[in-house]
Amino acid sequence: MKFFIDTADIAEIEELAETGLVDGVTTNPSLVAKTGRKFTEVVADICKVVDGPVSAEVTATDAPTMIKEGRKLAEIAENVTVKVPLTPDGLKACRALRGDGTMVNVTLCFSSAQALLAAKAGASFISPFVGRLDDIAFDGLQLIEDIVDIYNNYDTIETEVLVASARSPLHVVQSAQMGAHVVTLPPKVLHQMYNHPLTDKGLAAFLEDWAKTGQTILDD
Ligand code: E4P
């Protein structure tokens with residue numbers, strides 16, 4: 001499973017990229033707004049740090065302008081993935097941008113029917129939002145299972161399922177069990193994934209016993 005990081009904060013991305021665990025980055029207009037920085041500069045900076053796909057979202061709502069915006073964003077770096085919303089115009093833009101050879105992430109997916117449309121439009125990634133579905137008492141992970149099952153029925157579908165709006169390590173683990181290709185993680189969730197009290201307890205005991213030996217590995 002590929003791990004993307006869901007943030008536009010360059011300091012967070014630099015820190016997490018050092019773990020070697022980051023395969024890409026997703027941003028959205030809300031995350032970019034939080035930085036207070038110029039969008040195109042943020043995207044360029046992220047692309048210098050991460051080689052994998054970096055999602056940058058269009059903000060127009062009509063297909064011709066989305067396509068123009070998408071082409072401008074795609075010029076920033078080879079790994080820019082243009083993000084378009086799951087609307088009729090968004091899917092027209094998806095097809096046109098894919099025709100240019102640009103990667104496209106179709107976002108704001110909340111149903112299997114929408115995911116089928118995105119695959120037919122040639123999306124590189126479909127982003128179902130699990131957390132936002134859970135928020136309204138719909139089972140977000142059930143949607144991931146449904147989309148993975150449907151896509152697996154067709155060899156011709158190359159669209160990757162990108163689990164978005166993840167809120168916890170359980171979202172990550174369960175979507176991996178379902179065979180989702182990618183998850184985009186808020187930095188907090190990636191940090192939470194390391195944690196286990198038995199790891200902390202076990203390490204403390206090992207170090208305590210080691211200290212009693214008076215040895216150091218490097219001075220041996
Ligand atoms: C990523 O592509 C999405 O925009 C993001 O995961 C949405 O997350 P949220 O529901 O926590 O805002």
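A polar contact here is a pair of N or O atoms within 3.5 Å; within protein, one atom must be able to donate a hydrogen and the other to accept it, and residues adjacent in sequence count only if both atoms are side-chain atoms. The model is predicted: local features need pLDDT of at least 70, side-chain atom pairs count only at pLDDT 80 or more, and totals for chains, interfaces and linings use all residues. Residues are numbered from 1 along each chain as its sequence is written, and side-chain values use heavy atoms, with hydrogens and water left out.

**Whole chain**

Start with the protein chain in cartoon view. Its secondary structure comes to 11 helices and eight strands; helices (H or I, at least four residues) and strands (E, at least two) are DSSP runs, numbered from the N terminus. Along the principal axes, the C-alpha atoms fill a box of roughly 70 × 35 × 35 Å. The chain has 220 residues, of which 43% count as buried. Buried means under 20% relative accessible area, exposed means over 50%, and partly exposed is in between, with a 1.4 Å probe and protein chains only.

**The ligand**

The ligand sits in the largest pocket. A pocket is defined on a 1 Å grid over the protein atoms alone, as an open set of points with protein on both sides within 12 Å along at least five of seven lines; lining residues have an atom within 4 Å of a point. A molecule sits in a pocket if more than half of its atoms lie within 2 Å of its grid points.

**Two positive phi angles**

Stay on Ser165, in the loop between strand E7 (160-163) and helix H9 (169-177). Ser165 is buried because its relative accessibility is 10%. Its phi is positive, about 60°, although Ser165 is not a glycine. Most residues other than glycine have a negative phi.

Move to Ala137, in the loop between helix H7 (130-135) and helix H8 (140-152). Ala137 also has a positive phi, about 65°, and is not a glycine. Is Ala137 buried or exposed? Ala137 is exposed, since its relative accessible area is 73%.

**Thr7**

Go to Thr7, in the loop between strand E1 (2-6) and helix H1 (10-17). Its relative accessibility is 6%, so Thr7 counts as buried. Two contacts can be drawn from its side chain. One reaches the backbone nitrogen of Asp9 at 3.0 Å, and the other is a polar contact of 2.8 Å with the side chain of Glu12.

**Stops on the helices**

Select Ile46 in helix H3 (residues 39-49). With a relative accessible area of 0%, Ile46 is buried. A C-alpha distance from Ile46 to Val58 gives 17 Å, for 12 residues of sequence separation.

Gln114 lies in helix H6 (residues 112-120) and counts as partly exposed because its relative accessibility is 22%. Its C-alpha atom is separated by 9.3 Å from that of Pro128, 14 residues apart along the chain.

Ala176 is in helix H9 and is partly exposed, at 37% relative accessible area.

Finish at Pro197 in helix H11 (residues 197-213). Pro197 is exposed, with a relative accessible area of 62%. Pro197 and Gln177 are 20 residues apart in sequence and 23 Å apart, C-alpha to C-alpha.

Technical notes
1 Å grid on protein atoms, 1.4 Å probe; cavity = no way out; pocket = protein on both sides within 12 Å on 5 of 7 lines; lining within 4 Å.
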